[in-house]
Amino acid sequence: ESSLRIAVVQVVEQASAVFGFTPRVRFDGPLDTVVQQGLVDDVQAVVREALTNAAKYARATDIQIDVTAEGARLVIAVFDNGAGMATTKRRSGIANLRKRAMQRGGSLAVAHRPEGGTQLRWSVPAS
């Protein structure tokens, strides 16, 4: 079993090698004590998909990932400076993230940022 923090850092390190830059990661709250181990796979999938979308489709050159324990909730927020959501109808990755959130009693929101780029917010109960 891997800690949530280590799992996120591993995904970011793998992405960094492909993207040519290192996304910033910020952790806040008692993640490794509050978040159940079963969430680690979902967290890795969320971070991986968000990074892929930001770099591949939005062509972002700056990405910030915030992983936070907010009370009884785990929140992953990903901010990028890319071109925004693609106009393509294919959104299977986002649909998969929404399904993962809903299966855990959570939610997914994706929005354009006023200063440019996109914000993704994935929130689920921590335990």
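**Figure 1. Contacts and overall dimensions of the chain.** Of the contacts in the chain between residues at least 6 apart in sequence, 66% join residues at least 24 apart. The structure shown is a predicted model. Four helices and five strands make up the secondary structure of the chain. Read from the N terminus, the elements follow the order α-β-α-α-β-β-α-β-β. The radius of gyration is 14 Å, close to the 14 Å that the globule rule gives for 127 residues, so the chain is as compact as a globular protein of that length. The C-alpha trace spans about 35 × 30 × 25 Å along its principal axes.

Figure 2. Of the 127 residues, 43% are buried.

Figure 3. Strand β2 covers residues 63-70, and strand β3 covers residues 73-80. The two strands pair in the antiparallel sense over eight bridges. Within this pairing, D66 has A77 of β3 as its bridge partner. Two residues lie between the strands of the hairpin, where G71 takes a positive phi near 65 degrees. Strand β3 is mostly covered, with seven of its eight residues buried.

**Figure 4. Strand β5 beside strands β3 and β4.** Strand β5 pairs with β3 in the antiparallel sense over seven bridges. Strand β5 (residues 118-125) also pairs with strand β4 (residues 107-112), again in the antiparallel sense, here over six bridges. Residue S123 of β5 stands opposite V75, and S123 is also the bridge partner of S107. In a regular strand, side chains alternate between the two faces of the sheet.

**Figure 5. The turn between β4 and β5.** These two strands form a hairpin with five residues between them. In the turn, G116 has a positive phi of about 105 degrees.

Figure 6. V43 is placed in helix α3, which comprises residues 40-57. Its relative accessibility is 1%, so V43 counts as buried. Leaving aside residues up to four places away in sequence, V43 touches L4, V8, L74 and I76. One of these residues, L4, is 39 residues from V43 along the chain, and their C-alpha atoms are separated by 7.7 Å.

**Figure 7. Position of T33 in helix α2.** Helix α2 consists of residues 31-34 and includes T33. Is T33 buried or exposed? T33 is exposed because its relative accessible area is 69%, and the cut-off for exposed is over 50%. Between T33 and A69 there are 36 residues of separation along the chain, and the distance between their C-alpha atoms is 9.8 Å.

Definitions and conventions
Residues are numbered from 1 along each chain as its sequence is written. This is a predicted model: local features need pLDDT of at least 70, side-chain atom pairs count only at pLDDT 80 or more; totals for chains, interfaces and linings use all residues. Side-chain values use heavy atoms; hydrogens and water are left out. Two strands pair if DSSP finds at least two bridges between them. The radius of gyration is taken over C-alpha atoms; the globule rule is 2.2 Å times the number of residues to the power 0.38. Buried means under 20% relative accessible area, exposed over 50%, partly exposed in between (1.4 Å probe, protein chains only). Contact means heavy atoms within 4.5 Å.
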